[in-house]
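Visitor: I am new to this structure and would like to learn how its features are read, one after another. Could you show it to me and then take my questions as they come?

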Amino acid sequence: MSAPYDLLGVGIGPFNLSLAALCDGVPGMNTLFLDAKPAFSWHPGLLMEGTVLQVPFLADLVTMADPTSPWSYLNYVRCHDRMFPFFFSERFHIPRREYDHYCRWVAERLPSCRFDAEVTALSWDETAGAFSVTYRSAAGASAAVLARQVVLGVGTVPVVPEPLRPLLDAGRVLHSADYLAHRDRLAAAGDVTVVGAGQSGAEVVLDLLRHQDGTGAGGPYVRWLARTPAFAPMEYSKIGLEHFTPDYVDYFRGLPEDRRERLVRDQWQLYKGVSAETLGDIHDELYERTIGGAEPRAALHPGVEVVSAAADGDGYALTCRHAEQEAFFQVRTSAVVLATGYAAVRPAFLEPLADLVDWDAKGRYQVDADYRVALDPRVSGTVFVQNAETHTHGVGAPDLTLGAWRAARILNAVAGRTVIPVPARAAWTTFGAPRVPGAVEPATPESSLR
């Protein structure tokens, strides 16, 4: 093998691509990023026309850490001779399809990014004092390299609720991640049930409603089920968004594990809510259907969980439970789209290293402030993770807003020096009790009686 790389990234999604872009041009840093896909792609099953990012374009790969980088979205626009059209469009939230194209533009130009390279094994080579990384191409060609430090950016996998797993197939019960590939078939179905109250579920519902004709008589009957108590807008107030700052990450990390897990559940509107614009568009589509006294061919059911499912003729029977009423009911549907989110999993290539990882009681990575994974002391190298640390760092882990900042933290840790300065404070909000000198201490039961 050749000399070890300073940093090797496994997976080239937006987060590792952000790190690759920030590493580009750093003197003396030798990096390599590997991905099994033939080229960059980002949620291809949900790149419907008219859908936009839920974060501003400034949350691109680099700007929130280094706005002078040539890999910014604004430079991408300039390189495509679209600066004036972009300026006149007054877009703060760019099309999702354009974000995908922007990331592909960056990935194709970074010499450190290598596609058609599926990592099959990651192990610790004690003799070399480095990690051994084996990868192969789709054609079967295999290679191995050494790296002193590794960052895992392998992304997440679709979550399928237990009752529906036996029914998952290639067309009529599917995750929203595959929606576009089956869109025409779903649009021609008689009845489609969408499960999940987040942005993806809302966009699928809206797209299916738009496949109905002007009166709603043609196209599928659209049913929307969700466990959340309401189809609610995402928290998007200026102060509310401060939950996606380094300040909140630091506060969250200091909480006990049980409180962290409760907070993630309670903060569902920060990451499972729907943009107010999309909710408004759905309402407008339904309103159009009522002109002249007609009824919309749609139904919206919040607070509902699918508890069992079974094939029923050429469709499916779903048994549902309304949580607040504790009432059960059944619906019959031709197809089901599961907009039920994503979750981090332990990649198979990590098995050779698994015994050297200090997993927590639930089999998850233990991650420090700089996104290092806790390892056996015998390992002198470092493993970092991106988007696998919600349990330790909070709801901002999968959010693009913190992507460049997190990549800068990792880059500085890899380099052992400050390559890109990160802010000491980014929020107006003080999360937790104040700790500055002279601050009023929180009241105690005894002091409240004085």
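Visitor: Is A226 buried or exposed?

Guide: The general idea is a set of cut-offs on relative accessible area: buried means under 20%, exposed over 50%, and partly exposed in between, with a 1.4 Å probe and protein chains only. A226 has a relative accessible area of 2%, and therefore counts as buried. This residue lies in the loop between β11 (221–225) and α7 (246–253), where helices (H or I, at least four residues) and strands (E, at least two) are DSSP runs numbered from the N terminus. A226 and V62 are 164 residues apart in sequence, and their C-alpha atoms are 35 Å apart in space.

Visitor: What should I keep in mind about the model itself?

Guide: This is a predicted model, in which local features need pLDDT of at least 70 and side-chain atom pairs count only at pLDDT 80 or more, while totals for chains, interfaces and linings use all residues. Residues are numbered from 1 along each chain as its sequence is written, and side-chain values use heavy atoms, with hydrogens and water left out.

Visitor: How is the span of a helix read, and what span should helix α6 have?

Guide: The expected span of a helix is 1.5 Å times one less than its number of residues. Helix α6 (residues 199–210) has twelve residues and should therefore span 16 Å, which agrees with its end C-alpha atoms being 16 Å apart.

Visitor: How many of the residues of α6 are buried?

Guide: Ten of the twelve are buried, so α6 is largely enclosed by the rest of the structure. Among these buried residues are Q199, E203 and D207, together with V204, V205, L206, L208 and L209. As a general point, an α-helix has 3.6 residues a turn, so residues three or four places apart point the same way.

Visitor: Which residues form the nonpolar patch on the surface?

Guide: Patches are made of residues with over 30% relative accessible area and no salt bridge, where like charges are joined within 9 Å and nonpolar side chains (Val, Leu, Ile, Met, Phe, Trp, Tyr) within 5 Å. Here L74, M83, F84, F87 and F88 form such a patch, with about 570 Å² of accessible area together, an area that comes from the Shrake-Rupley method with a 1.4 Å probe, only the protein chains shown counting as cover for residues. Helix α3 (residues 83–89) gives the most to this patch, with four residues. F84 is found in helix α3, and F84 counts as exposed because its relative accessibility is 61%.

Visitor: How do I read a sheet, and in what order do the five strands of the open sheet stand?

Guide: Two strands pair if DSSP finds at least two bridges between them. The five strands have the order β3-β2-β1-β7-β18, with parallel pairing, and the edge strands β3 (113–114) and β18 (382–385) each pair on one side only. Strand β1 (residues 7–10) is joined to β7 (residues 149–152) over three bridges, with L152 as the bridge partner of V10. Four bridges pair β1 with β2 (residues 31–34), where L8 stands opposite L32.

Visitor: Which order has the open sheet of three strands?

Guide: The order is β13-β14-β15, and the pairing is antiparallel. Because β13 (304–312) and β15 (327–333) stand at the edges with a single partner strand each, one side of each is left without a neighbour in the sheet. Strand β14 (residues 315–322) is joined to β15 by seven bridges, and A317 stands opposite R332 in β15.

Note on methods: Salt bridge = Lys/Arg side-chain N within 4 Å of Asp/Glu carboxyl O.
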